[in-house]
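Take a look at the chain below.

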Amino acid sequence: MTHAQQPKTDTNISPEPPTNLRRAIDLISSLISISHSIRVFAAKWQLIRTNLQDLHSSLIAADNSDSGDNPSLSATIPLILSTADECHDLARRCADVSYSGKLLMQSDLDVTLVKLNHHVKKLNEMYNNGVLIRNHALVVSKPCLGAASSREDMRFYIRDLLTRMKIGDVGMKKVALINLHEVVVEDDKYVKVIVEVGDVVNLLVEFLCSYEVVIQEESVKVITLIAGFGDSFYKGILIAAGVVANLIKVLECGRSEVGKVEAARCLMKLTENSDNAWSVSAHGGVNVLLNICTNVDSKAELVGPACGVLRNLVGVDEIKRFMVEEGAVSTFLRLVRSRDEAIQVCSIEFIRTIAFKDESVRQMVVREGGVRVLLRVLDPKFTYSSKTREVVMRAIENLFFSSSDYVSILMSYGFVDQLLYYVRHGEVSVQELALKVAFRLCGTSEEAKKALGDAGFMPELVKFLNAKSFEVREMAAEALSGMVMVPKNRKKFVQDDQNISLLLQLIDPGEGNSCSKKFLISILMSLTNCNSGRKKIVSSGFAKNIDRLAESEICSDAKRLVRKLYTNRFRSMLSGIWHS
């Protein structure tokens, strides 16, 4: 025997190619998934999908009962594969909307539908005649969506799935769970039917402890949908079935990352109702969730919803105290530096929630460097999303504006300059929020007003006096009104002649797009305390607007302003200017 003729002894033997039956099962499964994304000829594709699902169930049953070598089935499979290939091509063209004409495509879909229906009937005849043996429960066709399906049809379908979940092997259970998940996604009326049909919820909760990863994953997906449906009634059904304990077991011991992520998402939905927080705590869930967030090897997809659950639990004071003692503050400050936006947002919101109206926790946040960590998100040198920056601005305002000491710390770290940057260069949503935060900061202390003036905020606020948004105009005017009460700011404001001209134009009684006259008059009143400001007001070509506003009685403060301007040596000057 030559070298070329010697049998190979290499251990890297290629796996056996899939049988035609398995190829048909996989191709049809892929087609069912693709069909959900098709938006054209929806009614046709619904009928095609129903036939594909019936075909898929019959082939799965044949595969599970080792009927793959049956001669009749072996002769039918190539025909099914050929039809599936044609259907796949049609699906691709419909998904891409790349067909030549609607009528032609409709005709092609009708032909394919007839072929699929023929294959379904052929396989059913094989089972009915005993050519093939179905070892599992009869697979019932899924009812049509919408009003065409009666509640009884839906119940019958769910009972059939329940039977297969109870008596089927792993493959049959998996298919039943996939079908259950699919109908709940397509039509949320099935959630009510699932609750009405006894044992379905209990069985799903039991499956969470399955050693079969696929069973655990598919079960938790369905449970998560139920938890997010409707009011607290459906959450209560799950809680009564013991879902919390089993979800925590999945988080702690599950072998599937997908299962853990879904379990965390489900717990996040369940704990939206604070009454369920104690159930999580009672089963050790707080420690499990904190461990996930602390573990540097935890995937971002899991840490995000785990953060969300813990944030929901903070509302219970005893649980919050436990989390603080376990080092939650430092854990979540570290997570703010994550590269994942969802984790950044959840961790910032957690810190805001746990420290809100709790001075001791707020002090802990400051001691552990929380101000620096949060302000780092606003540093333009670093890459963070607009959403993350909006969340951190709200958190800073929420936590640190109530104390002059905290405000001083913020300003010492450059917070005012960061706000000014986003007022000038931020995207619209960030820009408006930065303006709102600056407005709130202006009202915290005299020190803050001086810092905003020194940074150059007044020219920016003047620009916003003509903004389209009434709210923005009001905030800008009120902030300026507060800032010019500070002598140093007043002198800076008066130096620009255009500032006074704009204010006088905006107080015109006929100006429909102006901001509140009250704040504009307040600014002008403050400027009269400065000699140069008073002179510029009375010498402005728009000074008559003050007199007109006072006469219109729209703003009572306008009369006070007129009296102040008329006093002493300015009386004769004003009379000459206004009545010439």
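## The model and its confidence

This is a predicted model, where local features need pLDDT of at least 70, side-chain atom pairs count only at pLDDT 80 or more, and totals for chains, interfaces and linings use all residues. Residues are numbered from 1 along each chain as its sequence is written, and side-chain values use heavy atoms, with hydrogens and water left out.

The mean pLDDT (the predictor's confidence in each residue, from 0 to 100) is 84 for the chain. A value of 70 or more is reached by 84% of the residues. Residues 1-16 fall below 50. Beyond near neighbours in sequence, that stretch has two contacts (heavy atoms within 4.5 Å) in the model. Residues 568-572 also stay under 50.

## Helices α20 and α21

Helices here are DSSP runs (H or I, at least four residues), numbered from the N terminus. Helix α20 spans residues 370-378 and helix α21 spans residues 386-400. They pack at about 145°, with axes 9 Å apart. Axes are lines fitted to C-alpha atoms over the stretch in contact, and angles run from 0 to 180 degrees between N-to-C directions.

Which residues of α20 meet α21? They are Val 371, Leu 374, Leu 375, Val 377 and Leu 378. Their partners in α21 include Val 392, Met 393 and Ile 396. By class, the contact of α20 with α21 has nine nonpolar residues (Ala, Val, Leu, Ile, Met, Phe, Trp, Tyr, Cys and Pro), one charged (Asp, Glu, Lys and Arg) and one polar (the others, Gly among them).

## Helices α23 and α26

Helix α23 (residues 415-425) packs with helix α26 (residues 457-464) at about 35°. Their axes are 11 Å apart. From α26, Phe 457, Glu 460 and Phe 464 meet α23 residues, among them Leu 419 and Arg 424. This contact has six nonpolar, no polar and two charged residues.

## The lining of the largest pocket

Helices α1 (20-35), α2 (42-64) and α6 (170-186) each supply at least two residues of the lining (residues with an atom within 4 Å of a pocket point). By class, the lining has five nonpolar, nine polar and five charged residues.
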